[in-house]
Amino acid sequence: MTGAAAASILVSMLSGAFSPAHLDVMTGDNVAWTNTSTKTHNIQFDTEGFNSGRVEPRGGANHVFPVAGVYPYYCTIHNGMTGVIGVYPLVLEGPAKRVRRGTSIAFHVRAPEGAGEVRIEADSGSGFTTVAVAGPAAGGGHEGHEEPGMVHANVVAAETATYRASFSGGSSNELRIEVTDAPDLAARVRRARRGAVVTASANPSTPGARVVLQLKLRERFGWWPVARARLDKSSRARFSVRSHRGAPARVVLVAPDWATPLNESRVVKLPH
């Protein structure tokens, strides 16, 4: 088996956080941190033995990870600014949100060249079992151009499970994918005279269902509920937003307690 071409994967150093805070890479990959904030940071690993030293604004640091493992790190200058690099012989990618029961889950796997058979395995509570074998994408990959070392598989979502990719050289990171019977939720945003209007709709139609509008706010350190509503007889709801221009937004379908999430829309962005 020959090695895969190493990739350089980017992490941004924000004012008080690394983005993404958790990153899964393949053995041999280079992680490149770029300081996009106005503050000075550093990168300290306890187990990997790498210390970047001071990274000034617009500066950067690089480190190659040759050995599989999970490597927590932090900025010693700013408390709470932490990250994790997971290093694996394979990297599994899949949906980051809940999926409806019976839909097809698309998995993508970065694998070494000459890896041989790559299996998709699932564990719903009784151990991992093979549910698919990954292969080249039909039609030659995305827009006809297949990335070297990428293989793909589709699995029908039957129940909530943890997935991983596996081959003779080891296993990938694990992905937990929740399966729901809740309807699919869509969100659209348009500019209004005073701010923006976010419209939510459910399929199949679910009049009376509860939905919550959430915005991703820096001052709240993540997603924050700003409004709630019930779907009307057309299975739609409208939210008027007069502040937080440019913020990411999503609509979440919730249980009768108005808190337990059942499904969520894709993220849209409020207009500036």
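1. Accessible areas here come from the Shrake-Rupley method with a 1.4 Å probe, and for residues only the protein chains shown count as cover. On that basis the protein chain exposes about 14700 Å², with carbon and sulfur atoms supplying 50% of it.

2. A word on what you are looking at: this is a predicted model, in which local features need pLDDT of at least 70 and side-chain atom pairs count only at pLDDT 80 or more, while totals for chains, interfaces and linings use all residues. Residues are numbered from 1 along each chain as its sequence is written, and side-chain values use heavy atoms, with hydrogens and water left out.

3. Now the overall picture. The protein chain has 0 helices and 26 strands (DSSP runs numbered from the N terminus: H or I of at least four residues for helices, E of at least two for strands). Its C-alpha trace spans about 60 × 45 × 40 Å along the principal axes. Of the 272 residues, 42% count as buried, meaning under 20% relative accessible area, with exposed over 50% and partly exposed in between (1.4 Å probe, protein chains only). Among contacts (heavy atoms within 4.5 Å) between residues at least 6 apart in sequence, 58% join residues at least 24 apart.

4. Leaving aside residues up to four places away in sequence, histidine 63 touches Asp29, Asn30, Val31, Trp33, Glu48 and Phe50. With glutamate 48, the side chain of histidine 63 makes a polar contact of 2.8 Å (a pair of N or O atoms within 3.5 Å; within protein, one must be able to donate a hydrogen and the other to accept it, and residues adjacent in sequence count only if both atoms are side-chain atoms).

5. Next, the aromatic rings. Rings of Phe, Tyr and Trp (its six-membered ring) pair if their centres lie within 6.5 Å; planes under 30 degrees apart count as stacked, over 60 as edge-to-face and the rest as tilted. This rule gives 9 aromatic pairs. Phenylalanine 45 and phenylalanine 65 have ring centres 5.7 Å apart and planes at 65 degrees, so they are edge-to-face. The pair links distant parts of the chain, 20 residues apart: phenylalanine 45 is in strand 5 (residues 44-45), and phenylalanine 65 in the loop between strand 6 and strand 7 (69-74). Phenylalanine 45 is buried at 1% relative accessibility, and phenylalanine 65 is buried at 0%. One aromatic cluster is formed by Phe18, Trp33, Phe45, Phe50, Phe65, Tyr71 and Tyr73.
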